[in-house]
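Let's explore a protein model together, one question at a time.

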Amino acid sequence: MFEGGAADLYPARDIDPDLLESGRRLFAREARFVAGVAERGALPADGLPEIAFAGRSNVGKSSLVNALTGRRMLARTSNTPGRTRQLNFFNLGGELMLVDLPGYGYAAASKQAVERWTGLVRHYLRSRASLCRVCMLIDARHGLKEPDRGMIQMLDQAGISYQVVLTKTDKLGATELMRTAARVAAELAAHTAAHPEIHLTSAEKQRGIAVLRAALAAFARSLAAPAMAMAEGPS
Ligand SMILES: Nc1nc2c(ncn2[C@@H]2O[C@H](COP(=O)(O)OP(=O)(O)OP(=O)(O)O)[C@@H](O)[C@H]2O)c(=O)[nH]1
Ligand SMILES: [Mg+2]
């Protein structure tokens, strides 16, 4: 049986079992570390469609990449905020590139480090032709905070479609979670580049992982569809 379903999305919606299966298959493919990039000049060549994971430091980006790929240690995680200091690229079965971004809003970071990070991420978001979607991670306990709004503004300006993923849902009750999800959804409604559905996840408890895999697989498929249609030629 597939895990995951209606309750892992806000608003709740049933997920097509075929899509869950496509998601499972896509993320069962081998995930391979390709590059860790700390400067603009070192970005790998544009190629596979990319999905980047953005969010505040310690929100659970690296943990989510690990949960999606079913690999505990693929992306390095830590209790200490600021663990990921570079853009880490992972090739998923030659079909997708997953990009684990360094977190923002890390209070203990020096001004210089923040400026370096912001410059690098902004450059990546603005110039990356292969970047198709950003998963914008928000801690379910906290909802949107000022630094998240800064990131959303950056995505809006760069014209990149993004979807919000609430993390660490195991740390709060169902009522509180629904309240946060509703608040975040209301704020996102004004942003056209934001995907209207919010994913409810816990990397720790594996909640919402199957549904997020399905959504990303559907997205990858939608990217491939025009190319396939062209390859098949006019009917
Ligand atoms: N309870 C719970 N803890 C989680 C979950 N996801 C991540 N964590 C914990 O949160 C901490 C930070 O996780 P990371 O995945 O390293 O966070 P990150 O966003 O990659 O952090 P930076 O690389 O510093 O930006 C770790 O101690 C994780 O074990 C979750 O779903 N539930
Ligand atoms: Mg990280």
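Q: In what order do the eight strands form the open sheet?
A: This is a predicted model, in which local features need pLDDT of at least 70, side-chain atom pairs count only at pLDDT 80 or more, and totals for chains, interfaces and linings use all residues. Residues are numbered from 1 along each chain as its sequence is written, while chains are lettered from A and ligands numbered from 1 in the order in which they are written. Helices (H or I, at least four residues) and strands (E, at least two) are DSSP runs, numbered from the N terminus, and two strands pair if DSSP finds at least two bridges between them. The pairing in this sheet is mixed, and the order is β1-β8-β7-β6-β3-β5-β4-β2.

Q: Which strands are the edge strands?
A: Look for strands that pair on one side only.

Q: Which residue in β8 is the bridge partner of L9?
A: β1 pairs with strand β8 (residues 198-200) over two bridges, in the antiparallel sense. In β8, L9 has as its bridge partner H199.

Q: Do β6 and β7 pair in the parallel or the antiparallel sense?
A: Strand β6 (residues 131-139) and β7 are joined over seven bridges. Within β7, V165 stands opposite L137. The sense of the β6 and β7 pairing is parallel.

Q: How many of the seven residues of β7 are buried?
A: A residue is buried if 20 or more other C-beta atoms lie within 10 Å of its own, exposed if 12 or fewer, and partly exposed in between, with C-beta atoms placed from the backbone. Strand β7 (residues 161-167) is mostly covered, and its buried residues number six.

Q: Is K168 buried or exposed?
A: K168 lies in the loop between β7 and α5 (174-188). K168 is not a glycine, yet has a positive phi of about 60°. Around K168 there are 23 other C-beta atoms within 10 Å, so K168 is buried.

Q: How many other C-beta atoms does Q206 have within 10 Å?
A: You can find Q206 in the loop between β8 and α6 (209-232). Phi of Q206 is also positive, near 65°, in a residue other than glycine. Q206 is partly exposed because the number of other C-beta atoms within 10 Å is 14.

Q: Which peptide bond is cis, with omega near -5°?
A: To find it, go to the loop between β1 and α1 (17-28), where P11 has its place. The cis bond runs from Y10 to P11.

Q: Are α3 and α4 roughly parallel or roughly antiparallel?
A: The axes of helix α3 (residues 111-127) and helix α4 (residues 146-158) come within 9 Å and cross at roughly 30°. Axes are lines fitted to C-alpha atoms, for helices over the stretch in contact, and angles run from 0 to 180 degrees between N-to-C directions. Angles under 35 degrees count as roughly parallel, over 145 as roughly antiparallel, 65 to 115 as roughly perpendicular and the rest as oblique. Therefore α3 and α4 are roughly parallel.

Q: Which residues does V184 touch, not counting residues up to four places away in sequence?
A: V184 lies in helix α5, and V184 is buried because 21 other C-beta atoms are within 10 Å. Two residues are in contact if their C-beta atoms, placed from the backbone, lie within 7 Å. With residues up to four places away in sequence left out, V184 touches I138, G143, L144, V164 and I198.
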